[in-house]
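Work through the exercises below with the sequence and coordinates open. Each task is followed by a stepwise solution.

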Amino acid sequence: MALPRCYRAAVESEAIVEPARARPVPKGALGAAAAILYVFLWASAFVPSRVLARGAPPLGILSIRFLFAGGVLVLVALALRLPIPRARGMWMRVLGIGVGSNALYLGLSYVALRHLSAGMGSIIASTNPLILALLAPSLLGEPLTRRKLVGLVLGFSGVVLAMHARAGTQTARLPDVLLSVAGVLAFVFSNILFKRMPERPHPLVLNGGQLLFAGIALIPAALLLEGVPHIHWTSSLIWSLAYLVLALSVGASMLWFWILQHGEASRVSAYFFLTPVFGLLLGALLLGEQLAPLDGLSLLVIATGLWLAARS
């Protein structure tokens with residue numbers, strides 16, 4: 001269906017490649033709602049991700065997910081006639097973002113989730129804000145105020161408290177935890193790379209490109225480690241894949257780049273401390289995973305830390 005002329009003109013007027021200027025941090029209800037929605041979508045991914053990781057080779061199905069999602073976004077960008085940058089340096093940065101934020105981060109997480117619980121996976125992912133805040137002053141020039149530091153330390157303490165309740169069980173084996181931590185580090189550095197880009201293509205082009213790069217990058221690893229994929233296409237696997245493609249790889253990724261573009265990376269990433277809140281509850285409700293007695297206290301500590309960090 002043809003787009004209305006006024007809408008198409010508005011889209012095309014924003015499609016030019018612009019310098020990555022600093023923009024105001026989203027404030028009030030809009031910024032908070034966008035960040036909370038993103039974190040909820042991200043936490044909800046751990047449940048369908050475990051379904052995929054247990055019903056298909058994790059790297060193979062992840063590559064398929066990225067290729068589908070990237071293809072959808074690129075087709076939309078072409079349909080809207082958005083300009084495709086030709087600068088090699090820009091595409092190398094898009095490649096780095098895709099490999100770090102998707103191929104490495106989710107690839108390592110998918111392998112770990114074969115044994116790691118959905119709630120535990122979401123807890124490890126929430127260490128992202130502390131790592132990013134420690135690197136942001138030197139790599140992004142973002143100040144680390146005392147209130148932000150206290151908030152981040154409180155948030156991380158809540159994460160450690162929840163992790164301690166699961167230590168020594170099959171839901172928190174050391175090799176799986178290390179794989180997840182390595183993925184988080186890759187995600188952190190991909191965010192730094194995004195913030196340091198001197199100019200950026202249209203969000204549809206950027207997100208579609210980085211997803212396609214991530215899907216292509218995973219093909220050799222999937223064939224080497226898993227061989228030719230043999231996937232049992234059950235209804236639960238198909239619905240899980242569809243949810244992850246549309247809600248996560250397309251919807252949440254677009255939302256995250258918008259949030260990251262409009263705010264300090266160390267501040268907006270503090271909302272990742274809410275990931276355990278949703279991850280533990282969704283894991284308990286949908287997968288029957290047990291909640292530990294200390295979970296309530298740990299979530300209260302995390303919420304307090306988020307409140308302090310967001311107000312710094």
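The model is predicted: local features need pLDDT of at least 70, side-chain atom pairs count only at pLDDT 80 or more, and totals for chains, interfaces and linings use all residues. Numbering runs from 1 along each chain as its sequence is written, and side-chain values use heavy atoms, with hydrogens and water left out.

**Exercise 1. Overall description**

Task: State the secondary structure content, the share of buried residues and the accessible surface of the protein.

Solution. 
Step 1. Helices (H or I, at least four residues) and strands (E, at least two) are DSSP runs, numbered from the N terminus. The protein has 14 helices and two strands.
Step 2. Buried means under 20% relative accessible area, exposed over 50%, and partly exposed in between (1.4 Å probe, protein chains only). Of the 312 residues, 49% are buried.
Step 3. Accessible areas come from the Shrake-Rupley method with a 1.4 Å probe, and for residues only the protein chains shown count as cover. The total is about 14400 Å², and carbon and sulfur atoms account for 70% of it.
Step 4. A contact means heavy atoms within 4.5 Å. Among contacts between residues at least 6 apart in sequence, 92% join residues at least 24 apart.

**Exercise 2. The nonpolar core**

Task: Find which residues have the most contacts inside the largest nonpolar core.

Solution. 
Step 1. A nonpolar core is a set of buried Ala, Val, Leu, Ile, Met, Phe, Trp, Tyr and Cys residues joined through side-chain atoms within 4.5 Å.
Step 2. The largest such core has 79 residues, and Tyr 38 and Ile 61 have the most contacts inside it. Helix α11 (residues 235-262) supplies the largest share of this core, 13 residues.
Step 3. Not counting residues up to four places away in sequence, Tyr 38 touches Phe 187, Ala 252, Leu 255, Trp 256, Ile 259 and Phe 272.

**Exercise 3. A nonpolar surface patch**

Task: Identify the residues of the nonpolar patch and the helix that gives the most to it.

Solution. 
Step 1. Patches are made of residues with over 30% relative accessible area and no salt bridge; like charges are joined within 9 Å, nonpolar side chains (Val, Leu, Ile, Met, Phe, Trp, Tyr) within 5 Å. A salt bridge is a side-chain nitrogen of Lys or Arg within 4 Å of a carboxyl oxygen of Asp or Glu.
Step 2. The patch consists of Leu 67, Ile 216, Ile 219, Leu 223 and Val 228, with about 440 Å² of accessible area together.
Step 3. Helix α10 (residues 203-226) gives the most, three residues.
Step 4. Leu 67 is in helix α4 (residues 58-79) and is partly exposed, at 32% relative accessible area.

**Exercise 4. Helix spans**

Task: Compare the spans of α7 and α9 with their expected values.

Solution. 
Step 1. The expected span is 1.5 Å times one less than the number of residues.
Step 2. Helix α7 (residues 128-139) has 12 residues and reaches 15 Å from its first C-alpha to its last, close to the expected 16 Å. Its buried residues include Leu 130, Leu 132 and Ala 133. Just after α7, Gly 141 has a positive phi of about 70 degrees.
Step 3. Helix α9 (residues 174-195) has 22 residues and reaches 32 Å, close to the expected 32 Å.
Step 4. One of the residues in α9 is Val 177, buried with a relative accessible area of 12%. Its C-alpha is 8.1 Å from that of Gly 121, 56 residues apart in sequence.

**Exercise 5. A positive phi**

Task: Where is Arg 81, and is it buried or exposed?

Solution. 
Step 1. Arg 81 is in the loop between α4 and α5 (88-112).
Step 2. Arg 81 is exposed, with a relative accessible area of 66%.
Step 3. Most residues other than glycine have a negative phi. Phi of Arg 81 is positive, near 60 degrees.
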